[in-house]
Amino acid sequence: MSVMDTALRESLKALRLSGMLETLDARLIQAHGSELGHLDFLQVLCQDEITRRETVAFQRAPP
């Protein structure tokens with residue numbers, strides 16, 4: 001792991017966004033393939049995190 005990866009991981013953890021790490025690699029591949037612009041990349045990462053949080057909340061809800 002590089003210093004940047006460690007710094008990013010710690011930053012996301014401090015912001016309570018460490019779930020973004022789950023989809024970051026896939027989204028970076030999309031971005032490098034010119035499928036996503038900068039703002040699209042950020043939006044998709046945020047949407048991934050929202051979806052993840054909704055899923056976790058749903059799973060924790062009593063039946």
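Me: Leaving aside its neighbours within four places in sequence, which residues is glutamate 49 in contact with?
Reply: In this predicted model, glutamate 49 is in contact with Arg16, Leu17, Gly19 and Met20, once neighbours within four places in sequence are set aside.

Me: Where is glutamate 49 placed, and is it buried or exposed?
Reply: Glutamate 49 belongs to helix α3. Its relative accessibility is 3%, so it counts as buried.

Me: Which side chain does the glutamate 49 side chain make a polar contact with?
Reply: The partner is the side chain of arginine 52, at 2.8 Å.

Me: What is glycine 19 in contact with, leaving aside neighbours within four places in sequence?
Reply: Glycine 19 is in contact with Glu49 and Arg52 on that basis.

Me: Why does glycine 19 count as buried?
Reply: Glycine 19 has a relative accessibility of 9%, and buried means under 20%, so glycine 19 qualifies.

Me: And arginine 16: buried or exposed?
Reply: Arginine 16 counts as exposed, at 67% relative accessibility. This residue is found in the loop between α1, residues 3-14, and α2.

Me: What is the phi of arginine 16?
Reply: Phi is positive at arginine 16, about 60 degrees, although the residue is not a glycine.

Me: Changing topic to the helices. At what angle do α2 and α3 pack?
Reply: Helix α2, residues 21-32, packs against α3 at about 155 degrees, and the axes are 10 Å apart. The two helices are therefore roughly antiparallel to each other, since that description applies to angles over 145 degrees.

Me: Is the crossing right-handed or left-handed?
Reply: The crossing of α2 past α3 is right-handed. From α2, the contact is made by Glu22, Thr23, Leu24, Arg27, Leu28 and Ala31; from α3, by Phe41, Val44, Leu45, Asp48 and Arg52.

Me: How many residues of that contact are nonpolar, polar and charged?
Reply: The contact of α2 with α3 has 6 nonpolar residues, 1 polar residue and 4 charged residues.

Me: Asp48 is one of those in the contact. Which side chain does it join in a polar contact?
Reply: The side chain of aspartate 48 is joined to that of arginine 27 by a polar contact of 2.8 Å. Apart from neighbours within four places in sequence, aspartate 48 is in contact with Thr23 and Arg27.

Me: Where is aspartate 48 found, and is it buried or exposed?
Reply: Aspartate 48 is found in helix α3, which spans residues 38-60. Its relative accessible area is 18%, so aspartate 48 is buried.

Terms used:
Residues are numbered from 1 along each chain as its sequence is written. This is a predicted model: local features need pLDDT of at least 70, side-chain atom pairs count only at pLDDT 80 or more; totals for chains, interfaces and linings use all residues. Side-chain values use heavy atoms; hydrogens and water are left out. Helices (H or I, at least four residues) and strands (E, at least two) are DSSP runs, numbered from the N terminus. Buried means under 20% relative accessible area, exposed over 50%, partly exposed in between (1.4 Å probe, protein chains only). A polar contact is a pair of N or O atoms within 3.5 Å; within protein, one must be able to donate a hydrogen and the other to accept it, and residues adjacent in sequence count only if both atoms are side-chain atoms. Contact means heavy atoms within 4.5 Å. Axes are lines fitted to C-alpha atoms, for helices over the stretch in contact, and angles run from 0 to 180 degrees between N-to-C directions. Angles under 35 degrees count as roughly parallel, over 145 as roughly antiparallel, 65 to 115 as roughly perpendicular and the rest as oblique. A crossing is left-handed if the near helix is turned anticlockwise from the far one by less than a right angle, and right-handed if clockwise. Ala, Val, Leu, Ile, Met, Phe, Trp, Tyr, Cys and Pro count as nonpolar, Asp, Glu, Lys and Arg as charged, and the others, Gly among them, as polar.
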